[in-house]
Every structure is written in C-alpha cells, then in structure tokens.
Amino acid sequence: MKGIPMQTGVLRVLRATAALWWRHRELRRTGQTALAQRRERGIVLRDLGYLKQAASLPNAHVICGEGGTFIYLGWTTVSSFAPIERFPLATLAVARGTPFIDIRSVTDVTAVANLPCVARDGSVDPDPCGPGRSVSLTTYIDMVEALGARIANDPRPRQST
C-alpha cells in the first residue's frame, strides 16, 4: 500500500471484502442493492473499529497457525480458518503495525497449546502458573519465539549487542 494514503487503501480493501461476502452478492443478485449496501457499510464500520482497537490496545496482536488466523483484541477475538494471506482484516492490522506472530513453522503444537494466555487488559499476572494464567504480550512473544515462531512488528524494545 505504498503511495496510497493508508485511510484510502484501508477503506478500499474493507469495502471490497464486504462486497464479496456471499450474502451481499446474493442480495445484489436478487435486486436488493440498497440492503446489500447498508449491510456492507455496517461491516466496514465494524472492521474499522477492530483496526482502531488493534492499534490502541496494549496486548492486541495477530497470530497465524495451521488452524487459521486470529486477531486478539483484549476481550474480543476476530478469526478466520484461512491463513493471513486470505484474511484482509488481519493483513491490514499487521500492515498498520499490529504485532504478528506466525506459528505455522512451529512443530511442537503441544508446547504452543500449553503456553499461558496473553493478558487481555495489558496487566501481568503475578503468578503465571496454573489454569487461567496470563502473561504480557512481550513475555508471550519470548516464549513462542523460542519454539520457532516468526515475529513481525515486534513490540519488544530493541537490545543492542
């Protein structure tokens, strides 16, 4: 999206994605264009809200694995069974700077499943052991990176060597 103002590019992608949804295509096919446009507008506004949350929440991140792609926004999760390459909303979030954790290359899925959750509100659990445990996003990234995950838009402070 280089050369195109991010707002214009984001709206263009979100509108195209909403228009491609099968229910909206069916409404247009049956002549209910106004209803399709209203619903598409609602979806674009909802998705813009998700993008704003992804940019502002301290522990928001996108994670992609064999089971699909998830955008974690604190108490809200947006997901697709598709890889990030086929999930435009997640691609936009990453393009706008949301941390991206790609666990598709991790072979030990049991180890990933046993990792603690990322704290929803940015707080850190004083005892990150046991059920319901949670850690900060940076701690989670350290743990998953040790298992072989790739990280983009890394929020951890850079360390000079």
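Guide: Contact means that heavy atoms lie within 4.5 Å. Keep that in mind as we look around this predicted model.

Visitor: Which residues does Ala 19 touch, not counting residues up to four places away in sequence?
Guide: Start with the place of Ala 19, which is in helix H1. With the residues up to four places away in sequence left out, the contacts of Ala 19 are with His 24, Arg 25 and Glu 40.

Visitor: Is Ala 19 buried, partly exposed or exposed?
Guide: Buried means under 20% relative accessible area and exposed means over 50%, with partly exposed in between. The relative accessible area of Ala 19 is 25%, so Ala 19 is partly exposed.

Visitor: How far apart in space are Ala 19 and Arg 39, C-alpha to C-alpha?
Guide: In sequence, Ala 19 and Arg 39 are 20 residues apart. Ala 19 sits in helix H1, while helix H3 spans 33-56. From C-alpha to C-alpha, the distance between Ala 19 and Arg 39 is 9.3 Å.

Visitor: How many helices and strands does the protein chain have?
Guide: Read the elements from the N terminus on, and they run α-α-α-β-β-β-α-β-α-β-β-α-β. Taken together, the secondary structure comes to six helices and seven strands.

Visitor: What share of the residues of the protein chain count as buried?
Guide: The chain has 161 residues. It exposes about 9,900 Å², and carbon and sulfur atoms supply 55% of that area. The share of residues that count as buried is 35%.

Visitor: Is Thr 69 buried or exposed?
Guide: Thr 69 has its place in strand S2. Its neighbours by contact, beyond residues up to four places away in sequence, include Val 62, Val 78, Phe 87 and Ala 90. The relative accessibility of Thr 69 is 0%, so this residue counts as buried.

Visitor: Which residues of helix H4 are buried?
Guide: An α-helix has 3.6 residues a turn, so residues three or four places apart point the same way. Helix H4 covers residues 88-95, and Gly 97, with a positive phi near 110 degrees, follows H4. Within H4, the buried residues are Leu 89, Ala 90, Leu 92, Ala 93 and Val 94.

Visitor: Which residues lie nearest the centre of the largest pocket?
Guide: This pocket has a volume of about 510 Å³. Strand S1, strand S2, helix H5 and strand S5 each supply at least two residues of its lining. By class, the lining has 13 nonpolar, nine polar and four charged residues. Out of 26 lining residues, those nearest the centre are His 61, Ile 63, Tyr 72, Cys 117 and Tyr 140.

Visitor: How many charged residues are in the lining of the second largest pocket?
Guide: The second largest pocket has a volume of about 390 Å³, and helix H1, helix H3, strand S3 and H4 each supply at least two of its lining residues. Nearest its centre lie Thr 17, Trp 21, Arg 46, Asp 47 and Phe 87. Sorted by class, the lining has ten nonpolar residues, three polar ones and, as charged residues, two.

Visitor: What is the relative accessible area of Trp 75?
Guide: Look in the loop between S2 and S3 for Trp 75. Its C-alpha atom is separated by 9.9 Å from that of Ala 60, 15 residues apart along the chain. Exposed means over 50%, and Trp 75 is exposed, with a relative accessible area of 71%.

Visitor: What separation do the C-alpha atoms of Thr 107 and Leu 147 have?
Guide: Thr 107 is in the loop between strand S4 and H5, and it is exposed, with a relative accessible area of 76%. Along the chain, Thr 107 and Leu 147 are 40 residues apart. Their C-alpha atoms are separated by 8.1 Å.

Visitor: What is the phi of Asn 153 near?
Guide: Asn 153 lies in the segment after strand S7, and it is partly exposed at 34% relative accessible area. Its phi is positive, although the residue is other than glycine, and lies near 55 degrees.

Conventions. Residues numbered from 1 in each chain as written. Predicted model: local features only at pLDDT ≥ 70, side-chain atom pairs only at ≥ 80, totals over all residues. Heavy atoms only, no water. Buried < 20%, exposed > 50% of the residue type's maximum accessible area, 1.4 Å probe, protein only. Helix = DSSP H or I, 4+ residues; strand = E, 2+ residues; numbered from the N terminus. 1 Å grid on protein atoms, 1.4 Å probe; cavity = no way out; pocket = protein on both sides within 12 Å on 5 of 7 lines; lining within 4 Å. Points joined across faces, edges and corners; volume = space filled by probe spheres on them. Nonpolar A, V, L, I, M, F, W, Y, C, P; charged D, E, K, R; others polar. Areas by Shrake-Rupley, 256 points an atom, 1.4 Å probe, with all protein chains shown as cover.
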